[in-house]
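Hello,

Here is the structure I said I would pass on. Please open it first, then read my notes below.

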Amino acid sequence: MDETAASSSKTFAEKQVERMARLKQLHTQRNEARASNHQEVVAEYERKKLPTNWEARQRQAEWLMGDLKARTEAEEKGLDYHRVKMLNVSAAEADRIDKLKARKRNADPGFSDYEAQTARQYNRLVKAMPPPDLARYEEQKEKYGDAFYGGPNVILQGLHKDTPGAIDNMVKDLEGQIAKRKKFSRRRTHNDDADIDYINEKNARFNKKLERFYGEHTTEIKQNLERGTAI
């Protein structure tokens, strides 16, 4: 009753002032929301302009900075940083790190597809390239002149001659590729001295499966059949 009486006792001017104050507050909140939304849109636009792996690179940079700081503190205290670091690593984490390092050392898992094989071959050849001989480079540049860089009207055949060392390196590399390819080959060699107990390739594969699963149980029966002493 008192609140109703108090509200009814307010004049029109007082009610108008309250409404205007509430409207002003709503306008202020709307402007704040609009400004916040604009800031989020600008921030999202800036994030889209960054590289796709920006967050991973940022985490890596933070980890490197923390690692450098911890290493510096350990050196100032005269401690072995690797030992201090391993004290905070669990056995499971250490085992996982060792497996990752072993996988990086042997990064060639074999043939997966031709694109990956070409990329591995390219990286391997780039790493195996000898250091540049700048003296020979300048010598050939002066010797061949404009033909050194080639062009649409330049015949390169006969200008360059491979050195015996370069030829030996190429032969050595090709022999290494052939030897490595043999290790990954799944071709089965044919044994000419083995007994022929099949009539075609499909029957040969079937007989091999039988021999693999039941050979140890049927060896004596097979020998008796061959000797003619089977009952």
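From the N terminus on, the elements run α-α-α-α-α-α-α-α-α. That makes nine helices and zero strands. Please keep in mind that this is a predicted model.

**Confidence**

The average pLDDT of the chain is 81. A score of at least 70 is reached by 89% of the residues. Confidence is highest in helix α2, residues 12-49, with a mean of 88. Confidence is lowest in helix α1, residues 2-9, where the mean is 54. Where pLDDT is low, predicted coordinates should not be read in detail.

**The chain as a whole**

How much of the chain is buried? Buried residues make up 6% of the 231 residues. The chain exposes about 22,300 Å². Carbon and sulfur atoms supply 55% of that area. Residues 24 or more positions apart account for 20% of them.

**Helix α3 and Asp67**

Start with helix α3, which covers residues 54-77. Does its length agree with what its residue count predicts, or disagree? It agrees: at 1.5 Å a residue, the 24 residues of α3 should span 34 Å, and the end C-alpha atoms are 35 Å apart. Just after α3 comes Gly78, with a positive phi of about 75 degrees.

Is Asp67 buried or exposed? Its relative accessible area is 14%, so Asp67 counts as buried, the cut-off being under 20%. Which residues does Asp67 touch, leaving out those up to four places away in sequence? They are Tyr81 and Lys85.

Asp67 also has a partner inside its own helix. The side chains of Asp67 and Arg71 meet in a salt bridge, at 3.6 Å from N to O. Both residues lie in α3, four residues apart, which is about one turn of the helix. Arg71 is partly exposed, with a relative accessible area of 35%.

**Other salt bridges**

How many salt bridges does the structure hold? There are six. In general, side chains of opposite charge can pair when their charged atoms come close.

Why are Lys49 and Glu46 separated by about one helical turn? Because they sit three residues apart in α2. Lys49 is exposed, at 51% relative accessible area. Glu46 is partly exposed, at 38%.

Another is in helix α5, residues 91-105. Here Asp95 forms a salt bridge with Lys99, and the closest N and O atoms are 3.6 Å apart. Asp95 and Lys99 are four residues apart, again about one turn of the helix. Asp95 has 40% relative accessibility, so it counts as partly exposed. Lys99 has 52%, so it counts as exposed.

Some salt bridges share partners, and these join Asp67, Arg71 and Lys85 into one network. Lys85 is also one of the residues that Asp67 touches.

**Helix α6**

Helix α6 covers residues 114-127. It has 14 residues and reaches 20 Å from its first C-alpha to its last. That is close to the 20 Å expected at 1.5 Å a residue. Look at the start of α6 too. There, a side-chain oxygen of Asp113 reaches to within 3.2 Å of the backbone nitrogen of Glu115.

**Helix α7 and Gln140**

Where is Gln140 placed? Gln140 is in helix α7, residues 134-144. At 18% relative accessibility, Gln140 counts as buried, because the cut-off is under 20%. Set aside its neighbours within four places in sequence, and Gln140 is in contact with Gly145 and Phe148.

**Where to look**

Follow its salt bridge to Arg71. Then move on to Gln140 in α7. Leave α1 aside at that stage, as its mean confidence of 54 is the lowest in the chain.

Best wishes

How values were computed. Residues are numbered from 1 along each chain as its sequence is written. This is a predicted model: local features need pLDDT of at least 70, side-chain atom pairs count only at pLDDT 80 or more; totals for chains, interfaces and linings use all residues. Side-chain values use heavy atoms; hydrogens and water are left out. Helices (H or I, at least four residues) and strands (E, at least two) are DSSP runs, numbered from the N terminus. Buried means under 20% relative accessible area, exposed over 50%, partly exposed in between (1.4 Å probe, protein chains only). Contact means heavy atoms within 4.5 Å. Accessible areas come from the Shrake-Rupley method with a 1.4 Å probe; for residues, only the protein chains shown count as cover. pLDDT is the predictor's confidence in each residue, from 0 to 100. The expected span of a helix is 1.5 Å times one less than its number of residues. A polar contact is a pair of N or O atoms within 3.5 Å; within protein, one must be able to donate a hydrogen and the other to accept it, and residues adjacent in sequence count only if both atoms are side-chain atoms. A salt bridge is a side-chain nitrogen of Lys or Arg within 4 Å of a carboxyl oxygen of Asp or Glu.
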